[in-house]
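Look at the structure below and follow the chain from end to end. Then read on for its shape, its surface and its core.

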Amino acid sequence: DGYTCLDLDECATGAAGCSADATCANTVGSFNCTCKGGFSGDGKSCTDVDECATKQADCDLAADCSNTTGSFICTCKQGYAGNGKTCQDVDECANGTAMCDANATCQNNVGGYACTCKQGYAGDGKTCKDVDECKAGTAGCAAAADCANTVGSFTCTCKTGYSGDGKTCTDIDECKAAVSPCAADATCANSPGSFSCACKPGYTG
């Protein structure tokens, strides 16, 4: 009535006109509109702040930042684990989540891992196939040896008439053996990997 005046709470009556993204604070004879966290403006008009773009988000360096209305989300990148604010490298080799082939070795890297086929195998590490060293000519067996491929490896075996480890084969001189392979009335002639017997003059056989 002009004789008694009471403060009008514009916030309670909705007359303040603050933005939906602002808080309204009543004051004696007036009010204040203040944009909520994650928003900027005069309170009457509030705009979302992109914390990712403005570098205000406190995400880990190994995390991806996604802006949301009034806030943001931090998500650890693949190969890392954590809450996004703190991310630690995941050792996929140790926890068994690496997709390496059974015939490959797993090497953990920061944020990932590497698969390498073991010796005797070829591939990208996630798929490894046996290498036939005999067909490829990489076995290194001696010329007087037989090469046999095995899963992941190979063997070199000296041929009959030779001795050695397969990588090096030496001709065996059968004629020099303690007991001659030929008859007593025959002569023995050694040859690479073998020998021959010839009856002495006056004998046949």
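Contact here means heavy atoms within 4.5 Å. Setting aside neighbours within four places in sequence, Ala63 is in contact with Thr75, Cys76, Lys77, Gly84 and Cys87. Ala63 belongs to the largest nonpolar core. Such a core is a set of buried Ala, Val, Leu, Ile, Met, Phe, Trp, Tyr and Cys residues joined through side-chain atoms within 4.5 Å. Buried means under 20% relative accessible area, with a 1.4 Å probe and protein chains only. The core has seven residues: Ala57, Cys59, Ala62, Ala63, Cys74, Cys76 and Cys87. A second, separate core has five residues, including Ala144, Ala145, Cys158 and Cys169.

This is a predicted model: local features need pLDDT of at least 70, side-chain atom pairs count only at pLDDT 80 or more, and totals for chains, interfaces and linings use all residues. Residues are numbered from 1 along each chain as its sequence is written, and side-chain values use heavy atoms, leaving out hydrogens and water.

Now the whole chain. The C-alpha trace spans about 160 × 25 × 20 Å along its principal axes. Some totals follow.

| Property of the chain | Value |
|---|---|
| Residues that count as buried | 24% of 205 residues |
| Contacts with a separation of 6 or more that join residues 24 or more positions apart | 16% of these contacts |

Terms used: Buried < 20%, exposed > 50% of the residue type's maximum accessible area, 1.4 Å probe, protein only.
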